Amino acid sequence: MHKFLIRSFVSSLVLIFTLTVAAVAKDVKAAFVYIGPTGDHGWTYQHDVGRKAVEAAGFKTTYVEGVPESADAERVLRQLANSGHDVIFTTSFGYMNPTNKVAKEFPNVKFEHATGYKREHPNVSTYAARFYEGRTILGTIAGTMTKSNVIGYVASFPIPEVIRGINSFTLAAQKVNPNIKTKIVWAFTWYDPGKEAEAAKALIDQGADVIAQHTDSTAIVQIAEKAGVYAFGQASDMDKFAPKAVLTSVENNWGPYYVDRVKAVANGTWSQKDTWHGIGDGMVVISDLDSQMPADLRSKVKKLQADLASGKVHSFTGPIYDQKGNLMVAEGKTADDGMLAGMMTYVKGVEGDIPK
Amino acid sequence: MIIDINFIGLIIASIMASAVPLILASCGELITERSGVLNLGVEGMMIIGAISGFALMTVTGSLIIAIFGAMLAGVLISTIFAFLTQTLITNHVATGLALTIFGIGISAMIGKNFVGIPGKEFPVLFEGLKDTIPLLGPILFGHSIVFYFAFALPFITSYFLKKTKIGLIVRAVGDSPESASNQGINVRLVRYACILYGGAMSGLAGAYLSMIYTPQWIENMTGGRGWIALALVVFSTWNPIKILIGAMIFGGLTIIQFHMQAIGVRIPVQFLTALPYIVTIIVLVVISRDSRKIRLSTPSSLGKSFHKDN
């Protein structure tokens with residue numbers, strides 16, 4: 001018993017010593033909280049690629065994967081904050097309240113919450129990517145490449161992020177081809193290869209010859225490859241899964257932002273921010289354009305990409321009407337970030353209703 | 001909208017393709033349950049089969065090794081279950097649940113190195129005959145060997161249980177292990193064999209998902225299909241032929257729903273996701289009212305441990 005006490009006393013001394021040394025040395029440690037497994041090859045996978053960039057920049061990182069958006073998240077966050085992490089990235093919308101709650105208890109730890117809008121304490125920042133800019137490019141390609149004029153779109157959940165993507169995609173496709181129809185199938189999952197494949201198959205059986213997706217797995221591009229139709233990669237470059245089908249991919253590139261923010265913590269220059277970066281800042285990356293696309297389309301896309309990056313072109317430029325024909329954005333105006341963030345109506349040209 | 005006959009053929013073909021893993025896993029579990037063992041680890045065995053098949057295909061490049069390897073992996077993991085429940089006489093339900101959790105965890109661990117690797121093309125049979133017959137063409141032709149095996153399996157299983165001596169022994173062990181034991185049947189051996197067979201079929205079901213249906217490895221890619229397969233066994237009232245029908249209904253729900261969405265008809269998705277389970281509960285209620293019917297095929301000693309001192 002005595003031995004045990006002594007041993008635990010010594011080990012706690014060692015622990016305290018290590019912690020003190022760590023604090024003195026100012027080794028910045030970053031932690032990442034993931035909603036899915038790092039092996040999803042989609043959303044979480046890309047965040048983890050960003051984490052590895054932080055590691056490559058010389059910082060220590062930890063991650064916890066598969067954390068539910070519930071009270072569990074709070075527990076995990078508290079644990080990470082308690083164990084000497086200086087900055088914690090919470091990479092799913094549902095971590096919004098837990099992040100703010102735990103941030104209040106640990107004013108010296110910096111919190112970075114992805115895709116949220118609540119910054120209740122000075123140590124909470126939020127960040128997101130303007131994926132809809134990428135979808136403007138995909139829409140332009142889809143509208144040009146379709147022969148059946150039916151474009152399939154596998155959607156996940158009816159939230160502004162997804163609706164915004166559908167609208168941006170459809171507006172761009174209509175611009176190059178007014179005859180197209182966008183058929184939308186809601187899979188009600190972010191990530192279920194079997195289900196996503198079935199959804200894509202249904203759309204192809206109904207005549208779609210270009211398939212876009214707002215779910216994470218590579219199943220859809222594989223189905224497209226088998227059926228001989230076109231598709232686009234989501235979150236990461238999916239070309240190798242379907243070399244013939246994938247025309248391009250929209251990649252989530254979190255690395256530069258993560259490195260930036262961790263460095264800011266190390267230099268003591270970190271301050272609260274709300275970041276919403278697009279193609280221009282490199283957070284949204286368009287993969288190589290497939291050679292099956294005609295040369296003039298490729299150069300058109302390149303130009304569009306440059307214009308979106310410079311701000312010369314905005315994905316939501318008026319006049320934009322909703323399905324009932326009400327004016328959403330007036331001619332010559334562009335949708336402001338507030339409107340984009342809360343977008344819950346389809347634009348004219350999208351078929352069907354948003355499921356409740 | 002004009003629906004042409006080939007379009008219906010295509011829909012039926014996709015429904016059948018989605019039913020394959022359910023049929024395989026359910027037919028395997030049915031044999032296990034008919035021997036009196038309730039193995040809730042189907043989801044875990046399936047996911048182990050999925051990663052094993054995919055990993056072996058990537059490493060060896062041989063589809064045959066991968067398919068049989070996946071079945072062997074299912075056998076191996078079910079051996080753990082068999083050893084625990086038959087030799088150490090642990091509780092079936094708890095052990096089965098543990099097997100599922102274990103399977104999901106270990107598959108994720110092995111799978112780390114196989115994420116982001118595209119799968120190989122799996123050969124299909126009679127591709128050229130697809131367009132020769134309207135409606136039936138896409139239904140009958142252009143599928144993988146596993147597909148045809150799955151649709152033959154319920155009939156084979158039914159024949160095995162009803163017409164063969166070993167089938168009779170399995171049923172005897174499931175209905176009354178005591179009497180079977182008194183007749184000189186090695187109850188434990190029969191149950192071991194049935195559990196291992198169930199594992200092999202679940203492994204094959206998983207390999208179908210990761211090698212044929214959506215050729216890739218993704219964590220948790222079975223997505224609850226093991227649980228549906230379990231519900232299906234109950235739904236079928238332990239009758240293999242009804243598994244065929246049930247698998248088509250359960251597998252078809254999602255596909256029909258997607259087609260309806262694309263046409264513009266809305267059905268609440270949450271309801272459809274819950275439907276297989278709701279239907280199973282209804283079936284349970286219905287059969288429990290008719291005690292004669294349930295006695296016909298429900299293994300009477302299902303889930304009960306059997307002790308024999310020898």
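Good morning. Of the 356 residues of chain A, 50% count as buried; a residue is called buried if 20 or more other C-beta atoms lie within 10 Å of its own, exposed if 12 or fewer, and partly exposed in between, with C-beta atoms placed from the backbone. This is a predicted model, in which local features need pLDDT of at least 70 and side-chain atom pairs count only at pLDDT 80 or more, while totals for chains, interfaces and linings use all residues. Residues are numbered from 1 along each chain as its sequence is written, and chains are lettered from A and ligands numbered from 1 in the order in which they are written.

I begin with chain A as a whole. Chain A holds 11 helices and 14 strands; these are DSSP runs numbered from the N terminus, helices being H or I of at least four residues and strands E of at least two. The C-alpha trace of chain A spans about 80 × 45 × 40 Å along its principal axes. Among contacts in chain A between residues at least 6 apart in sequence, 63% join residues at least 24 apart. Two residues are in contact if their C-beta atoms, placed from the backbone, lie within 7 Å.

Next, the domains. Chain A is assigned domain 1 (12-129 + 254-277) and domain 2 (131-251 + 316-341), with bounds that come from an automatic or database domain assignment. The C-alpha centres of domain 1 and domain 2 of chain A are 31 Å apart. To their contact, domain 1 of chain A brings 10 residues and domain 2 of chain A brings 11 residues. On the domain 1 side, helix α2 (residues 43-56) of chain A gives the most, with 3 residues. By class, that side of domain 1 of chain A has 5 nonpolar, 4 polar and 1 charged residues. Here Ala, Val, Leu, Ile, Met, Phe, Trp, Tyr, Cys and Pro count as nonpolar, Asp, Glu, Lys and Arg as charged, and the others, Gly among them, as polar.

I turn to a sheet in chain A. In what order do the 6 strands of this open sheet stand? The order is β7-β6-β8-β9-β10-β12 (chain A), with mixed pairing; two strands pair if DSSP finds at least two bridges between them. The edge strands, β7 and β12 (284-286) of chain A, each pair on one side only. From one strand to the next, the twist averages 20°.

Strand β9 of chain A and strand β10 (residues 246-252) of chain A are parallel over 5 bridges, and A:G233 stands opposite A:S249 in β10(A). Helix α6 (residues 160-176) of chain A packs on the sheet, touching β6 (150-155), β7 and β8 (210-213) of chain A, and its direction makes about 165° with that of β6(A). α7(A) also packs on the sheet and touches β6, β7 and β8 of chain A, again with a direction about 165° from that of β6(A). Axes are lines fitted to C-alpha atoms, for helices over the stretch in contact, and angles run from 0 to 180 degrees between N-to-C directions.

Why is β6(A) described as largely enclosed by the rest of the structure? The reason is that 5 of the 6 residues of β6(A) are buried. β6(A) runs parallel to β7(A), joined by 6 bridges, and A:G152 has A:K183 in β7(A) as its bridge partner.

Which elements of chain A give two or more residues to the side that touches chain B? In total, 30 residues of chain A are in contact with 29 residues of chain B. The elements in question are β7 (181-186), α7 (193-205) and α8 (219-227) of chain A. The largest share, 10 residues, comes from α7(A). This side of chain A divides into 12 nonpolar, 8 polar and 10 charged residues.

Finally, some backbone details. A:A235, in strand β9 (residues 230-235) of chain A, has phi near 70°, a positive value in a residue other than glycine. A:A235 is buried, with 25 other C-beta atoms within 10 Å. B:F126, in the loop between α4 (92-111) and α5 (136-140) of chain B, also has a positive phi, near 55°, and is partly exposed, with 13 other C-beta atoms within 10 Å. A cis peptide bond joins A:G318 and A:P319, with omega about 5°.
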